Amino acid sequence: MSEEFRIIGKSLPRFDGPVKVAGEGKFLEDIEIPGCWLGGVVRSEVPRGVVRKIETLPAFAETGAVLVTAEDIPGENYVAIVRSDYPALAAPAVNYATQAVALVAAPDAESLKRAMAAIVVEIEPLPPIFTVEESAARKELIWGEDNCIDHYHTERGDLRKGFAEADVVVEGEWETGLQEQMYLETQGMAAWRAGDGIELLGSLQCPFYVVNAVAAALGLPHEKVTVRQSATGGAFGGKEDYPSILGVYAALLAWKSGKKVKIVYDRSEDLLVSPKRHPSKSRYRMGLTKDGKITALDAEIKLDAGAYTTLTRVVLQRTHLHAAGCYYVPNVRVRSSAWATNTPPNGAFRGFGAPQAIFAIERTMDLAAEQLEMDPLDIRLLNTIKTGDLFPYGQVLREGNNADGVLLKAAELSDYRRRREILSQQREGHFRKGIGISLALHGGGFTGAGEANMGTTAKMTFDGKRFRIYTSSTEMGQGASTVLPMVAAEALGVELEDVLYVEPDTKYTPNTGPTVASRTTMYAGKAVQDACENLKKAIGNGGSPLSGKALIEAAERYLEKEGRAEALGYNIFTDGQSWDEEKFAGDAYHGYAWIANAVEVELDMDTYEATPLSAAVAAEVGRAINPMQAKAQLTGGVLQAFGWAHIEDLKTDAKGRYTAAHMNAYLVPTTLDTPEWKVALLEDPCPAGCYGAKGLGELPCDAGAAAFVAAIDHAAQIFSHCAPMTGEKIFEAIEKIDNGGE
C-alpha cells in the first residue's frame, strides 16, 4: 500500500469518504427543503448611530413577509460567543455599517426583495472611530469603559539590564492588514421549529457554538436546540463564529413565522459582512550582542477588533503568546491589546492571531540581520529556543530542538545559502529574483487550561456491520472524515472500510469541542482513540484484547446480547501542566508544531508584481497520521500566507465598509500563483496528542508572509514593514530610495 496512507507503520487502503448523514453531502444552497421560506437581513448604512425608527410601508403587507426586530427576540438580544456584547439586532446602538437592524422572511426570492424594499429604518448618526489610534485616545467611547476589548502583559528577566548588555538595538514598526477567508461556499443556515424546540442545518465549524447562541437568543434549554452540519466547502476560521450569528437570524425568523427559513448569502453580502483576520500594528525593540545574540526584547502589539468582541479575546491571547516566536529571549516584555472601532467585527482566520505576531518578530530578525550584516538564516539559528529553555510566559520547552530542525531542513530544500549568494549578485534586468526565509511555531489546541476544561468527548458504536464515529469535529475540507476513521481503524485493529465517520448532529453527537485551534487530529483524535479502547474492553468483557475479524464477531455477539454496543472516550491529560489564568503565565500549550519557509520570488520591475517561483516548507508535526493530507494542508496554508503578503489588499472606506464587494475586487492566489513545492515532514511525537500528533491546520499560515516579504526585499533592495506589500508599496519604497530617502 502507498506510504502516503500509513499510520504507525501500518499500511491502509484509500478511504473514499464519509457516510453523509446530514444534508446528504450537499451544500446548503443545493438542498431542497420543502415549503422553505427565504430570509434576509436589513442592515445599517451608517457606521455609528442610534436606531430611532423601524417601520414598514403598505407594500410590505402585500408580500406576506414576516419582520423580526429586537423587540421580537424571546430570549437575550445577543449572540453568545466569548462575551455577550454582540447584539443579535441593533437596539438602539449601531456600531458598524452593515450591522443587522432587522430580519425578514418571505415565501420566495421576489417577495423577499419587495419586502425588504418596503422597510424604512431611521438611524441618527454619531461620529465614528475607524482607527486603533483614535480608539485608544478615547475620542469617542464606543465599547466598555475605555474602548479596550482586552489587554495582556508579560514580563520576565530584567529588561533594562538586557538592553544595557546589548551592543546594538534595533527598532521597527510593523503592520499587517485584513484578510478574507474566501471559502468555496458562502455562509448559509436553515432553521425550523420542531415541537417546542428548533432545528438548524448549515455550513459551520462548531455545532455546539450554534446551539449555545440559539438557545440564549430564543430562551430555550440547550437540549431543545439541534444543529446539523451540511457539507461545508471550506472555512479557514470564517465559519467558527459567524454561523452562530447567522444561526440566530434564521432561528428568530423560523420561530416567529412558524416556517422553515433558509438564509444563504451571495458572495457580495458574504464579503461585506463576515469577519476577517485582525489588522495589527506592532512596535518591536530588540537588543543584541555584536555577534547577533538577543539580549532583550520589548514588544507591543495592537489589534483592530472591529465593533464587538466576537473572538478577539482569544485571538489576542495567541498573538500575545507567540510574540517572541521561536527564539529564546532572556529579558523580555510583551504588551498586547485589542481596540474597538466602528468597523465590522474581526474574527477567526487560520493562524488565529499568531501570523500577526510572527510577522513582527520575523521582520525584526531580518532587520537585526541587516544592521549586523549577518545572514538571516544565521541570526535565526543563533537564537532558536532549545530544549529546557523558557518561553516568555514561563513554560519550559520539553520537546526537541525542532526550531533548528525545520529551519535547517527548509534551508537545505531551497538550497538557501547558494541561491541567496547567486541572487545577491544579479541586480539588473526587467525581472529580479530574491529569496527569503522565516520560522514559526504554533501551540496546539486551546490556550492555557482550555483543553483540560473542554471535556472533549467522542462516541464509538457498532451497528451490526461497521463501527461508527460520533464527534462534533466537522469535515470542512481539512480531512476530519478521513483522519478520524484512520485513527479508529488503528485503535480497533480493523480495516478502514469497517469504520464510518458520521457527520455531526448535536442530537446524537457528544461535544468533542469546536473544530478550531488545530485540535481535530491532536485532541479529538485522542478522544476517538480512547473511545475505541473502551469499546474493545466492553466487547471483550475483560478478556484478551481483540482485533480484526475476531473483534467484529465479538461485537456482533455483544450487540445481540446487550441490544447496543457503544462507548465514550475522553481526552485526558496526565502531563502535569499548569496554567495561571490571572497571571496569564505557565504551560500555555501541551505541544508545539514548528514550520520554516524559504521562498524564491521573481519581481517584475515594470508592474512590481512578485511571483513565487519555488517554496520550501519544512514542518515538524509530531506524527503525520496521513502524510499526503498533511502535505496538502501545508502547501494550501502557505499559499494563503503568500496572498496575504502581497496581493490581498482589503481596506475600509469612508463609512467603515470593506472595499471589496465581489471577487474581482479582492485578489487571492490561484493555480497560476502556485510555486514549485518542496515539502518535508519532520516528526517528534507529542505525548498529549493522538498517536503523537500535533496540531497542523493553522501552522502553515504563520510564517509564509514574512518569508515572502523578505524575498521581495531581497529582489528589490528595499526593507518592508507591512503586509500586504503590494506592487504600489514596492514602487513607493524603491522611489523613496532612488530619491535619497531611507
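What volume does the second largest cavity have? I looked it up in this predicted model. The answer is about 50 Å³.

**Second largest cavity**

I listed the lining next. Tyr86, Tyr96, Asp241, Tyr242 and Ile245 are there, along with Val273, Ser274, Pro275, Thr310 and Pro345. I sorted these residues by class. Seven are nonpolar, two are polar and one is charged.

**Largest cavity**

I then searched the whole structure for cavities of 30 Å³ or more, and two came up. The largest has a volume of about 100 Å³. Its lining is made of 14 residues. Closest to the centre I found Leu321, His322, Ala323, Pro392 and Tyr393. The lining of this largest cavity holds 10 nonpolar and four polar residues, and no charged ones.

**Largest pocket**

I moved on to the pockets. I counted 43 lining residues. Arg350, Gln478, Gln633, Leu696 and Gly697 lie nearest the centre of this pocket.

Which helix gives the most to the lining of the largest pocket? I found that α17 does, with seven residues. Helices α14 (480-492), α15 (520-540) and α17 (627-646) each supply at least two residues of that lining. By class, I noted 19 polar, 17 nonpolar and seven charged residues around the largest pocket.

**Nonpolar cores**

The largest nonpolar core has 109 residues. Five of them touch the most other members: Tyr284, Leu297, Trp594, Ile595 and Ile730.

I left aside its neighbours within four places in sequence. Ile730 is then in contact with Leu603, Tyr608, His646, Ile712, Ala716, Ile718 and Met725.

Another core lies apart from the largest one and has 55 residues. Tyr96, Val211, Val225 and Val248 are among them.

**Helices α10 and α12**

My last entry is a helix pair. At what angle do α10 and α12 pack? I read about 145 degrees, with the axes 10 Å apart. Helix α10 covers residues 376-383, and helix α12 covers residues 416-424.

I wrote down the residues that meet. From α10 they are Pro376, Leu377, Asp378 and Leu381. From α12 they are Tyr416, Arg417 and Arg420. I classed the residues of this contact as four nonpolar and three charged, with no polar ones.

Note on methods:
Residues are numbered from 1 along each chain as its sequence is written. This is a predicted model: local features need pLDDT of at least 70, side-chain atom pairs count only at pLDDT 80 or more; totals for chains, interfaces and linings use all residues. Side-chain values use heavy atoms; hydrogens and water are left out. On a 1 Å grid over the protein atoms alone, a cavity is a set of points where a 1.4 Å probe fits but cannot get out, and a pocket is an open set with protein on both sides within 12 Å along at least five of seven lines; lining residues have an atom within 4 Å of a point. Grid points are joined across faces, edges and corners, and a volume is the space filled by probe spheres set on the points. Ala, Val, Leu, Ile, Met, Phe, Trp, Tyr, Cys and Pro count as nonpolar, Asp, Glu, Lys and Arg as charged, and the others, Gly among them, as polar. A nonpolar core is a set of buried Ala, Val, Leu, Ile, Met, Phe, Trp, Tyr and Cys residues joined through side-chain atoms within 4.5 Å. Buried means under 20% relative accessible area, exposed over 50%, partly exposed in between (1.4 Å probe, protein chains only). Contact means heavy atoms within 4.5 Å. Axes are lines fitted to C-alpha atoms, for helices over the stretch in contact, and angles run from 0 to 180 degrees between N-to-C directions. Helices (H or I, at least four residues) and strands (E, at least two) are DSSP runs, numbered from the N terminus.
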